[in-house]
Structures are given as structure tokens and as C-alpha cells.
Number of protein chains: 2
Amino acid sequence: MSPAEQNQQLAVTERTRHRRLREQGSTARDDLDAVLRAGFVCHLGVVVDGTPMAVPTVYGVDFGTRTLYVHGSVASRSLAQAPDTTVCVTVTHIDGLVLARSVFEHGVNYRSAMVYGIPELVTRRSDPDALLHGLQVVTEHCAPGQWDYARRPNAKELAATSLLALPLDEASVKIASGPPEDGEGPDGELGLWAGVVPMRTYFDVPEPDPALPAGTSVPPHISAMGTWASAEPV
Amino acid sequence: MSPAEQNQQLAVTERTRHRRLREQGSTARDDLDAVLRAGFVCHLGVVVDGTPMAVPTVYGVDFGTRTLYVHGSVASRSLAQAPDTTVCVTVTHIDGLVLARSVFEHGVNYRSAMVYGIPELVTRRSDPDALLHGLQVVTEHCAPGQWDYARRPNAKELAATSLLALPLDEASVKIASGPPEDGEGPDGELGLWAGVVPMRTYFDVPEPDPALPAGTSVPPHISAMGTWASAEPV
């Protein structure tokens with residue numbers, strides 16, 4: 001591998017090393033980035049008061065600085081208790097249910113990224129510019145165009161907000177796809193149907209706030225969200 | 001509250017106590033059960049080799065014994081390292097993106113359940129009947145009717161399978177719904193569009209395994225899955 005090619009690969013660590021069969025582990029940065037771009041919420045793995053938690057929250061990625069920003073007060077509590085502790089940010093897309101001839105060969109087609117790292121707490125006090133930038137990244141990830149359209153946070157709102165910033169260095173990417181694999185063996189003779197039931201996720205037509213004055217039009221960047229779907233395989 | 005009514009309520013513990021504003025915490029068993037019934041995968045919060053992880057995996061619930069079964073080899077590794085340790089099982093449905101006039105008031109409409117408990121590892125060696133029952137529960141949760149249709153696990157396959165069994169005792173249920181809430185304040189005068197972009201998830205038309213003999217028909221319990229959608233609010 002050339003240095004340029006190496007740069008496109010994620011380092012394999014003990015916790016990102018791939019262990020199972022049917023899934024395909026990927027160490028390509030492009031696959032990691034595609035999974036993160038296609039996602040909408042993540043699950044943050046943290047320990048709070050001694051209990052592991054998987055907390056759903058929104059996120060965003062600055063692909064220039066390769067920084068993952070995660071929203072959430074639980075995360076901040078965790079970090080206040082245990083700074084310099086690793087967390088896990090998981091983004092999962094479910095693409096389908098794999099129905100095989102045997103129960104044992106059943107599975108799920110999915111794409112997931114588990115990012116590990118020691119997060120930095122970003123607050124108005126610690127770094128107001130970084131906080132504003134992180135909020136922009138998260139907002140634009142969830143609703144591209146909304147940062148320039150909506151009213152941005154004022155000083156009071158920024159004081160009530162915090163983010164976790166995580167370097168995009170260590171990640172485990174897994175992609176499982178395709179039909180079941182027990183068609184060639186003896187189970188293929190059972191005469192049972194087998195295949196994949198695809199799962200699709202998409203944004204539907206925007207529903208206006210009932211408090212909106214009559215005639216307020218939907219801006220193009222919001223009506224365009226109806227074309228988004230996470231179900232496109234990478 | 002009568003004893004019967006109390007029985008329908010989840011106990012509130014330090015880690016399930018509700019802390020935030022816009023979301024609504026629920027202690028009703030019916031809400032917990034509805035979120036779990038509507039889900040397809042969960043994220044398991046565990047600590048492995050000292051690192052918190054949020055691991056996507058399939059699950060199922062026996063509502064009779066109120067036992068949550070979780071699939072996954074990572075979970076088993078975690079349990080082998082640290083028996084009698086609490087884990088967290090999170091099921092999340094994303095119902096929509098809430099676009100407010102101000103960035104600060106943006107949010108997500110969602111339903112989530114975070115179940116906490118000390119899991120029991122169920123293996124063929126520890127309890128073969130419980131393992132078979134748990135696999136039935138997980139299979140029927142993902143694809144109702146499939147346990148009776150597909151070939152069930154044989155002894156060798158059961159030896160290669162393990163489940164976590166978790167009592168459905170302690171859980172935090174959160175439901176956020178409705179339009180943005182900044183229409184009545186000064187931001188309502190900005191003339192900006194605000195509302196909800198609904199997110200929908202559904203099973204699409206089943207895709208047959210290319211290895212299937214021509215003319216193998218889709219059984220009714222599988223073709224019926226196309227009507228499933230998680231986006232129905234509880």
C-alpha cells in the first residue's frame with residue numbers, strides 16, 4: 001500500500017478487529033464516511049453512575065477535521081464524572097431481514113459504524129467558537145440548509161448547550177448484505193421460501209406547525225428532504 | 001392508585017428518573033410494551049474490555065414472563081468477563097425531525113425504551129429448553145410465523161448459540177411528539193416555516209433468494225410483513 005492508500009484505511013485495533021463470519025468488516029474510510037453520512041441518529045455508549053447506557057441522540061460530522069459531534073446531556077453527565085474515558089458512538093442502518101431455510105441462518109442486512117474515542121466536552125465556556133461550529137455541523141447533518149435558514153443560537157442558548165467532540169480515528173465498520181446462504185446445502189431441498197425482506201426508511205412530506213400563519217411556504221431545502229432515504233446500500 | 005393500577009406502572013429509579021423538558025417520560029407498562037413490540041433491533045449498552053459499547057442486535061420479548069431476550073456474541077463476551085453486571089437495552093423509533101424557528105428549539109420526535117437489568121446468559125449447556133424458547137421469542141418477534149415455518153435449530157446449532165435474558169423490571173420510556181414550541185414567542189414573528197418532517201420505516205416487498213427453485217411461493221406470514229411499519233405513534 002502507498003502512504004496515500006494507507007491514509008484511506010482505518011487502523012485495526014483490538015476492539016475494532018472483526019470477529020464474525022457472515023458480516024463483512026471494512027477498514028475503508030469511504031465506507032465509514034458513507035455510513036455516517038447516511039445516518040440520522042446515533043446510539044452513544046457511555047457509563048453513567050456505573051451503568052452502561054446506550055443513549056439515542058443526534059450527531060454530525062466535520063469531514064474536514066474528521067471530528068464527530070454528539071449532542072446530549074447524558075453524555076455531558078458521563079463526561080463530568082469520568083473525563084478521559086472512551087465512549088462508543090454507533091450508527092446503524094437496517095437494510096433488511098434475511099429469512100433462511102433454517103432459523104440458525106437467519107440474519108439482518110445492515111450497515112453499522114462503531115466509533116471509539118475519548119471525547120472532548122465543548123461548551124460556551126470552554127470554546128464558544130467550537131460550540132457554534134459543532135452545532136452548525138449537527139444541524140446541517142440533520143437538515144441541510146437549516147443553519148442559514150433558522151435563527152441561530154444566542155448567548156443564553158449557547159450557555160445551555162454542550163456537545164461531545166470525538167476524533168474520527170478508530171472505528172469498526174460492518175456491512176452485511178445479500179441473500180441467505182443455506183440454499184446450496186441440504187436445507188435447500190426443504191422446499192421452503194427464503195430471501196430478504198427489505199426495510200426502508202425515508203422522510204415523508206413535511207407537516208406544518210399548526211401555529212404557522214396561513215400561506216407560509218415550505219422552503220426548498222426542507223421540501224427536498226422528502227427525497228432522502230437511508231436504505232441505499234453503500 | 002389501586003394495587004392493580006400500581007402493577008401497570010414501572011418503578012422509577014435514579015437512572016430511569018426523567019430529567020429533560022420537551023420529552024415526556026412514561027412509567028406505564030403499556031407504553032414500554034408498545035415501544036418494544038414495534039421495534040426490530042435494539043442497541044445493547046455493555047462494557048467490554050473496559051470500553052462501553054452500543055451494539056446493534058436483534059431481540060424479542062416474552063410478555064408472559066416479562067423477559068427480554070437479546071442475541072449477540074459481544075454480549076456473551078461481556079457477560080463472561082463481568083457476570084452480575086447491569087446492561088442497558090435501548091429500542092428507539094424515530095418518528096420525525098422537528099424544525100423550529102430557532103436552532104435551539106430543533107428536536108426529534110421519537111419513542112424510546114431503555115431497559116436496565118442484570119442479564120442471565122442462556123446456553124445449551126446452562127438450559128437447553130430456555131435457549132430454544134428464547135430463540136423462538138426472538139424469531140417470532142422479527143418474523144411472526146417463521147418459527148413454525150423454518151427448520152428449527154439442531155443440537156450443533158444450539159451449541160453455537162447464546163442469548164441474554166433480562167427481566168423487564170426497570171425501564172425508562174420516553175416519547176417526544178408534536179410540533180415545535182417556539183411559535184408563540186417572539187420567534188413566531190420571524191416569518192420562518194416550522195413543522196415536522198415525519199420519518200417512516202417499513203418492510204418492502206420480499207426479494208426471493210436467487211438460489212430458490214422457480215415457482216416457490218411466498219408464504220402468507222412473510223408477504224404480510226409488507227404491511228408492517230414502525231412509524232405508528234403509540
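Val138(A) touches Val58(A), Tyr59(A), Gly60(A), Tyr69(A) and His71(A), leaving aside residues up to four places away in sequence. Val138(A) sits in helix 4 of chain A. Because 24 C-beta neighbours lie inside 10 Å, Val138(A) counts as buried. Its C-alpha is 8.9 Å in space from that of Asp62(A), although 76 residues separate Val138(A) and Asp62(A) in sequence.

Helix 4 of chain A has 15 residues. From its first C-alpha to its last, this helix reaches 21 Å, close to the 21 Å expected at 1.5 Å a residue. Its buried residues are Leu131(A), Gly134(A), Leu135(A), Val137(A), Val138(A), Thr139(A) and Cys142(A). In an α-helix, residues three or four places apart point the same way, because there are 3.6 residues a turn.

Chain A as a whole has 7 helices and 11 strands. It contains 234 residues, of which 45% count as buried. Among contacts in chain A with a separation of 6 or more, 71% come from residues 24 or more positions apart.

Strand 8 of chain A covers residues 162–167. Of its 6 residues, 5 are buried, so strand 8 is largely enclosed by the rest of the structure. Two pairings involve this strand. Strand 4 (residues 67–71) of chain A pairs with strand 8 in the antiparallel sense over 5 bridges. Here Tyr69(A) has Ala165(A) as its bridge partner. Tyr69(A) is also one of the residues that Val138(A) touches. Strand 7 (residues 120–123) of chain A pairs with strand 8 as well, in the antiparallel sense over 4 bridges. In that pairing, the bridge partner of Val122(A) is Leu163(A).

The next element lies in chain B.

With strand 3 (residues 51–62) of chain B, it pairs in the antiparallel sense over 8 bridges. Gly45(B) has Ala54(B) as its bridge partner in strand 3. Strands 2 and 3 of chain B form a hairpin, with 2 residues between them. In the turn, Asp49(B) has a positive phi of about 50°. Strand 5 (residues 87–99) of chain B pairs with strand 2 of chain B in the antiparallel sense over 3 bridges. There, Leu44(B) and Val89(B) are bridge partners.

The two chains can now be compared. Chain A superposes on chain B by a rotation of 180° with 0.0 Å of shift along the axis, at an RMSD of 0.0 Å. The two copies are thus related as by a two-fold rotation axis. In chain A, the C-alpha nearest this axis belongs to Thr201(A), 2.2 Å from it.

Contact between the chains involves 82 residues of chain A and 82 residues of chain B. The elements giving two or more residues to the chain A side include strand 2, strand 3, helix 4 and strand 10 of chain A. Strand 10 of chain A gives the largest share, 9 residues. By class, the chain A side has 50 nonpolar, 18 polar and 14 charged residues. Of the interface residues of chain A, 100% are also interface residues in chain B, so the copies meet through the same surface.

Strand pairing also crosses between the chains. Strand 10 of chain A and strand 11 (residues 207–208) of chain B pair in the antiparallel sense over 2 bridges. Val196(A) has Glu207(B) as its bridge partner in strand 11 of chain B.

The mean pLDDT of chain A is 87, and 88% of its residues reach 70 or more. Among the elements of chain A, helix 5 has the highest mean pLDDT, 98. Helix 1 (residues 3–7) has the lowest, 55. Over residues 230–234 of chain A, pLDDT stays under 50. The model has 15 contacts beyond four places in sequence for this stretch. Where pLDDT is low, the predicted coordinates should not be read in detail. The model scores ipTM 0.90 and pTM 0.90.

Note on methods: Residues numbered from 1 in each chain as written. Chains lettered and ligands numbered in written order. Predicted model: local features only at pLDDT ≥ 70, side-chain atom pairs only at ≥ 80, totals over all residues. Least-squares fit on C-alpha atoms with pLDDT ≥ 70 in both. Contact = placed C-beta atoms within 7 Å. Nonpolar A, V, L, I, M, F, W, Y, C, P; charged D, E, K, R; others polar. Pairing = 2+ DSSP bridges. Buried ≥ 20, exposed ≤ 12 C-beta atoms within 10 Å, placed from the backbone. Expected span 1.5 Å × (residues − 1). pLDDT = per-residue confidence, 0-100.
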